[in-house]
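Okay, let's get going, I've got one model to walk you through today. Have a look at it on the screen while I talk.

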Amino acid sequence: MKFETRAIHKGNHITDNTGSVVQPITLSTTFEHGNEAGLLYTRAGNPNRLALEELIASLEQGVDAAAFSSGNAAGTAVYQALEPGSHIIAPDDMYHGLHNSMTILFKGIHEVSFVDMSNLEAVKAAIRPNTKLFWVETPSNPLLKITDIRKVAEIAHENGAILACDNTFATPVFQNPLLLGADIVMHSSTKYFGGHSDLLGGALVTKEKNEFWNKIRTIQRVGGAVPSPTDCYWLARSIKSLAYRMKGHAEHAMVLADYFLAHPKVERVYYPGLKNHPGHEIAASQMSGFGGVVSIQVKGGAVSADKLISELHLFANATSLGGIESLIERRAAVEGPDTLTPQNLIRVSVGLEHTEDLLTDLDQAFSKV
């Protein structure tokens with residue numbers, strides 16, 4: 001089945017005898033011993049979560065998936081599955097929540113080197129005898145750097161390490177890291193999978209059911225950071241429209257990227273769909289679309305960036321991305337004093353509003369900056 005068909009049908013398992021067209025929500029926290037599904041307790045397994053995991057694994061073309069209560073919980077499970085004393089190579093430009101997980105929760109447990117993952121020589125130079133995990137985020141957040149997944153996978157495997165890829169920005173609509181050599185794919189399903197800014201969730205998908213994956217499954221089951229049956233239901237429901245939403249997000253993002261590129265008050269535009277993006281060729285070789293996030297640097301520094309945001313009407317000044325509504329924020333203000341993000345950088349999650357309305361709103365806001 002093609003992606004759109006799998007998204008609609010793969011995670012839809014009718015669990016009642018009423019002739020339902022869509023799978024109902026199973027709210028029971030416990031199950032009678034000896035049931036046909038082999039279920040015991042909802043923390044260990046629930047019909048809605050099992051269906052969601054099957055769906056996400058299918059879309060990423062993996063053999064298994066594990067759903068978590070948030071993207072951070074999913075990423076943290078990977079770090080937790082590593083042996084103490086492991087060394088991680090991670091992007092110098094990555095989602096700050098998972099950056100904090102590495103540096104705060106695992107301080108004194110693991111070692112981390114943050115490097116430019118788009119620079120293969122820098123990646124190689126960071127390798128240590130105890131390097132066990134290469135963490136890739138492509139496109140990255142918020143500078144939209146592109147990492148060559150194939151080549152980093154080769155480097156990781158040559159050194160006996162695992163490659164995990166955060167595929168949140170691209171989604172499996174546009175990129176399948178497992179087919180490019182990655183071992184594990186991570187998603188913040190809060191973003192495009194949910195798609196409506198009203199769900200919290202995360203997921204991991206694996207290429208193989210190996211010892212490391214078994215550790216992750218144990219962490220999920222014993223740690224208990226799992227989504228509720230209701231959240232799983234709504235995520236599965238939202239994923240049914242994922243392919244069509246992503247096509248709209250990418251189309252609109254390209255329109256805004258071209259607009260920003262030509263605007264005299266914009267200093268720099270970050271979007272891998274632009275031919276002048278340093279990672280454009282690699283992105284085109286491993287992605288079928290370039291996503292719905294555009295970052296820009298506004299002339300005049302942080303003051304001008306904040307002024308622009310304050311004058312917009314259709315773009316909500318809010319954290320997160322992937323919703324059908326457009327969101328905008330100055331990332332450095334959110335990431336804190338130790339951020340490496342330029343102070344005048346604005347990240348735009350381009351929604352599904354009509355592009356003429358978005359451009360009209362931007363025009364009137366820029367006129368006041």
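So, five strands make an open sheet here, in the order E8-E9-E12-E11-E10, with mixed pairing. Strands, by the way, are DSSP runs of E with at least two residues, helices are runs of H or I with at least four, and both are numbered from the N terminus. Two strands count as paired if DSSP finds at least two bridges between them. At the edges of this sheet sit E8 (266–270) and E10 (316–317), each pairing on one side only. E8 goes antiparallel with E9 (residues 293–298), over four bridges, and there Val-269 has Ile-296 in E9 as its bridge partner.

Quick word on where this comes from: it's a predicted model, where local features need pLDDT of at least 70 and side-chain atom pairs count only at pLDDT 80 or more, while totals for chains, interfaces and linings use all residues. Residues are numbered from 1 along each chain as its sequence is written, and side-chain values use heavy atoms, with hydrogens and water left out.

Now, over to strand E5. Five of the five residues in E5 (residues 162–166) are buried, so the strand is largely enclosed by the rest of the structure. Buried here means under 20% relative accessible area, with exposed being over 50% and partly exposed in between (1.4 Å probe, protein chains only). Ile-162, Ala-164 and Asp-166 point one way, Leu-163 and Cys-165 the other.

And what does E5 pair with? E4 (residues 131–137) runs parallel to E5, joined by five bridges, and Glu-137 stands opposite Asp-166.

Last bit, the domains. The assignment, automatic or from a database, gives domain 1 (3–237) and domain 2 (243–367). Their centres, over C-alpha atoms, are 26 Å apart. About 2,900 Å² is buried between them, 61% of it from carbon and sulfur atoms; that's accessible area (1.4 Å probe) lost on putting the two parts together, summed over both.

How many salt bridges cross that interface? The rule, a side-chain nitrogen of Lys or Arg within 4 Å of a carboxyl oxygen of Asp or Glu, finds one. Lys-247 also forms a salt bridge with Glu-4, closest N and O atoms 3.1 Å apart.
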